[in-house]
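Here is a short report on one structure. Keep the sequence and the 3D view open while you read.

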Amino acid sequence: MEQNILTKVWVVDKNVEEQKSCAHLVDAAKLVESGELVAFPTETVYGLGANALSDEAVEKIFVAKGRPSDNPLIVHIGEKSQLDTVATDIPVKARQLMEAFWPGPLTMFLPKKAGIASKVTAGLSTVGVRMPDHPVALELIKQAHVPIAAPSANRSGRPSPTTAQHVLEDLAGRISGIVDGGSTGVGVESTTIDMTVEPPMIHRPGGITVEQIERVIGEVAIDPAFLTEEKEQPISPGMKYKHYAPKGDLWLVSGQEDKVRAKMLELLTEAKEQGLTTGVMVPREHLKHWDNHALVDVTLQCGSLASLEEVAQDLYTDLRRFDEEQIQFILAETYPREGLGLAVMNRLEKAASHRMIKA
Ligand code: TXA
Ligand code: MG
């Protein structure tokens with residue numbers, strides 16, 4: 001369905017006390033409270049927010065994103081005490097995680113409280129809840145006086161947005177407004193964990209690492225597929241859908257450094273023979289091999305081997321850049337599956353539809 005809504009943009013400062021920003025957030029929050037869609041920054045990616053108490057408002061999210069209605073949404077709260085208005089029967093371990101990591105990139109699945117719109121949870125008895133670590137998000141939720149349901153603010157299937165510009169690319173004309181609070185920090189989405197099973201089970205690796213969680217509550221379950229080369233094995237409803245993918249064909253190349261480079265050269269040669277536009281995405285340390293290379297049209301840096309945090313921050317921006325440059329064949333290097341690397345590799349494998357070449 002084509003839509004043509006006027007999309008307002010409010011540019012706000014991270015210092016939400018500042019007068020103009022404060023007034024903008026009051027405006028934006030009123031729209032949310034009244035059932036409209038407003039995108040806003042969190043510490044992970046931009047979210048597309050709606051009043052979580054209204055089925056009618058939440059339905060608009062699915063329409064604007066083109067999201068399948070069986071894929072539940074995360075509810076965002078503005079303070080810890082709001083948790084009891086969203087979820088019930090909260091286990092001790094959930095309280096411990098909340099104290100350790102909220103505000104922050106951790107979403108917990110908990111028994112849903114009556115009052116949360118049924119469309120938010122796609123009919124499930126559990127609800128995903130998190131308190132984001134971003135002053136703009138927290139102030140927006142407080143001013144809206146309601147919990148805010150928000151998926152990532154991209155069209156379904158596209159890379160998640162880490163800037164307001166990314167949101168506009170995907171959703172201008174389809175939503176009522178965007179609060180532009182600059183680039184997000186973490187760059188990949190929150191970790192999701194089901195707290196209604198014992199041991200709690202990680203559904204999606206993200207901004208809080210498995211190691212961090214286990215330090216607080218002991219052993220957690222994790223699908224072994226995340227720890228090795230991942231196969232499509234959906235445990236959350238959303239995981240069966242194609243995600244984060246650029247329009248070109250993305251392939252991952254893994255293995256020992258020299259062999260990876262040789263393999264990439266071979267593949268790029270073939271791609272050029274077929275007349276394709278080509279791109280590579282590599283850590284800073286390997287840029288020197290690819291910059292201005294005759295076989296490569298667009299070379300992008302994705303973080304550094306020394307910092308998986310930087311890799312996570314660059315990932316979605318890079319994937320979107322290849323689309324802007326209309327790149328048809330893309331090669332990306334892989335990263336160690338430890339700490340944030342688990343989330344990075346999960347997103348990369350999905351973006352590549354699990355096309356992995358061992359060099
Ligand atoms: O960092 C984030 O989590 C961002 C920001 C905006 O907060 N949000 C985000 O939402 O990534 P979304 O909708 O793109 O991803 C939520 C994931 C989906 O895979 C969905 O299926 C799963 O969480 N999910 C949500 N509620 C669930 C539930 N009750 N049970 C199982 N899976 C659930
Ligand atoms: Mg998403």
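How many bridges pair strand β12 (residues 249–254) with β15, and in which sense, parallel or antiparallel? The pairing is parallel and runs over five bridges. Strands are DSSP runs of E with at least two residues, helices are runs of H or I with at least four residues, and both are numbered from the N terminus. Two strands pair if DSSP finds at least two bridges between them.

## Basis of the model

This is a predicted model, in which local features need pLDDT of at least 70, side-chain atom pairs count only at pLDDT 80 or more, and totals for chains, interfaces and linings use all residues. Residues are numbered from 1 along each chain as its sequence is written, chains are lettered from A and ligands numbered from 1 in the order in which they are written, and side-chain values use heavy atoms, with hydrogens and water left out.

## The five-stranded sheet

β12 and β15 belong to an open sheet of five strands. The order is β14-β13-β15-β12-β16, with parallel pairing. β14 (298–301) and β16 (356–358) are the edge strands, and each pairs on one side only. From one strand to the next, the twist averages 20 degrees. Axes for such angles are lines fitted to C-alpha atoms (for helices, over the stretch in contact), and angles run from 0 to 180 degrees between N-to-C directions.

Trp 251 has Leu 331 in β15 as its bridge partner. β12 also pairs with β16: the two run parallel and are joined by three bridges. There, Ser 254 has Lys 358 of β16 as its bridge partner. Strand β13 (residues 278–282) pairs in the parallel sense with strand β15 (residues 329–333) over four bridges. Gly 279 stands opposite Ile 330 in β15.

## The eleven-stranded sheet

A second open sheet is listed here, with eleven strands and mixed pairing. Its order is β1-β8-β2-β3-β7-β4-β6-β5-β9-β10-β11. β1 (8–11) and β11 stand at the edges with a single partner strand each, so one side of each has no neighbour in the sheet.

Follow the β11 end. β5 and β9 run parallel and are joined by four bridges. Phe 109 has Asp 194 in β9 as its bridge partner. β9 (residues 191–194) and β10 (residues 201–204) run antiparallel, joined by three bridges. Thr 192 has Arg 204 in β10 as its partner. These two strands form a hairpin with six residues between them.

β10 then pairs with β11 (residues 221–222) in the parallel sense, over two bridges. Met 201 stands opposite Ala 221 in β11. From β10 the chain passes through helix α6 (residues 210–217) to β11, a β-α-β crossover that is right-handed. Right-handed means that, with the strands pointing away from the viewer, the path from the first strand over the helix to the second runs clockwise.

## The ligand site

Ligand 1 is surrounded by 24 residues, each with a heavy atom within 4 Å of the ligand. The closest are Thr 44, Asn 71, His 76, Ser 190 and Ser 236. By class, the shell has ten nonpolar, ten polar and four charged residues. Here Ala, Val, Leu, Ile, Met, Phe, Trp, Tyr, Cys and Pro count as nonpolar, Asp, Glu, Lys and Arg as charged, and the others, Gly among them, as polar. β4 (74–76) and β6 (126–130) each supply at least two residues of the shell. β6 gives the most, with four residues.

## Backbone details to check

Two cis peptide bonds deserve a look. One runs from Trp 102 to Pro 103, with omega near -5 degrees. Pro 103 lies in the loop between α3 (92–101) and β5 (106–111). Another runs from Glu 198 to Pro 199, also with omega near -5 degrees. Pro 199 sits in the loop between β9 and β10.

Asp 89 is not a glycine, yet its phi is positive, near 50 degrees. Asp 89 lies in the loop between β4 and α3.
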